[in-house]
2 protein chains.
Amino acid sequence: LINRSEKILNVKSININEKLTKFTEHWSPKVIAEMNDYQFKLVKVQGEFVWHDHKETDEVFIVIEGKMVIKFRDGEVNLGKGEMFVVPKGVEHKPYAEKECHIMLVEPKGVVNTGNAEGELTAENDVWI
Amino acid sequence: LINRSEKILNVKSININEKLTKFTEHWSPKVIAEMNDYQFKLVKVQGEFVWHDHKETDEVFIVIEGKMVIKFRDGEVNLGKGEMFVVPKGVEHKPYAEKECHIMLVEPKGVVNTGNAEGELTAENDVWI
């Protein structure tokens with residue numbers, strides 16, 4: 001019975017804080033779950049990211065710990081623990097965190113962290129922890 | 001400048017705990033955000049739900065506060081605060097919480113809470129708070 005469950009379902013919860021202990025790098029999304037063709041990714045952020053957009057999809061930010069700002073060309077949104085925001089597709093944004101901040105992203109599988117602005121901060125995609 | 005941002009982006013964060021103060025009913029999902037054709041819904045659960053499945057989609061449970069169990073025909077998963085689980089599409093499940101538990105669901109827009117088991121516990125869909 002247990003074997004069958006584990007084969008079909010992997011009946012183990014995913015503990016977000018426990019997953020956050022598994023890496024230290026900044027701006028390097030780690031996948032913790034997949035729902036249909038979407039992924040849930042944890043990211044530790046600090047400092048300034050690059051301006052970029054995702055032409056093909058909205059992107060959800062959920063702050064797990066700390067504070068961050070998502071800058072837009074004509075405004076910004078401040079996010080604290082337990083707050084979330086949906087960046088609409090095609091809208092340029094630049095994440096920023098003064099101190100280290102832990103976030104969860106939700107977006108379709110295959111989305112590159114730097115969107116249209118590939119460069120130094122482009123992280124390897126689809127890395128599971 | 002601010003007007004333009006608000007029109008385009010609604011540059012206000014979504015505060016999960018603040019949204020949870022806006023309703024008291026059990027088993028009645030409230031939408032707080034939309035990403036592409038997916039929705040983020042808050043639900044307060046207590047007691048036994050009905051056995052059901054969602055033939056067309058996976059469903060994500062994230063526990064915000066409290067504890068719950070997702071029962072399967074051949075096992076179960078226990079979820080505490082900060083834990084999540086992806087119920088695969090087509091898999092029968094029965095959520096249960098001994099005490100009130102606050103969760104966030106992520107699933108495609110239009111998914112009915114009772115899936116294939118429409119009845120007393122079927123909630124109105126697409127209710128935003």
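The largest cavity holds about 120 Å³ of space. (A cavity is a set of points on a 1 Å grid over the protein atoms alone where a 1.4 Å probe fits but cannot get out; the volume is the space filled by probe spheres set on the points, joined across faces, edges and corners.) Keep in mind that this is a predicted model, with local features needing pLDDT of at least 70 and side-chain atom pairs 80 or more, while totals for chains, interfaces and linings use all residues. Residues count from 1 along each chain, chains are lettered from A, and side-chain values use heavy atoms, without hydrogens or water.

Select Trp27(B), Phe49(B), Phe61(B), Leu105(B) and Asn113(B): of the 13 lining residues, these lie nearest the cavity's centre. Lining means having an atom within 4 Å of a point. Now colour strand 8 (93-108) of chain B, which gives the most to this lining, with three residues. (Strands are DSSP E runs of at least two residues and helices H or I runs of at least four, numbered from the N terminus.)

Next, go to Lys19(B) in helix 2 (residues 16-20) of chain B.

How values were computed
On a 1 Å grid over the protein atoms alone, a cavity is a set of points where a 1.4 Å probe fits but cannot get out, and a pocket is an open set with protein on both sides within 12 Å along at least five of seven lines; lining residues have an atom within 4 Å of a point.
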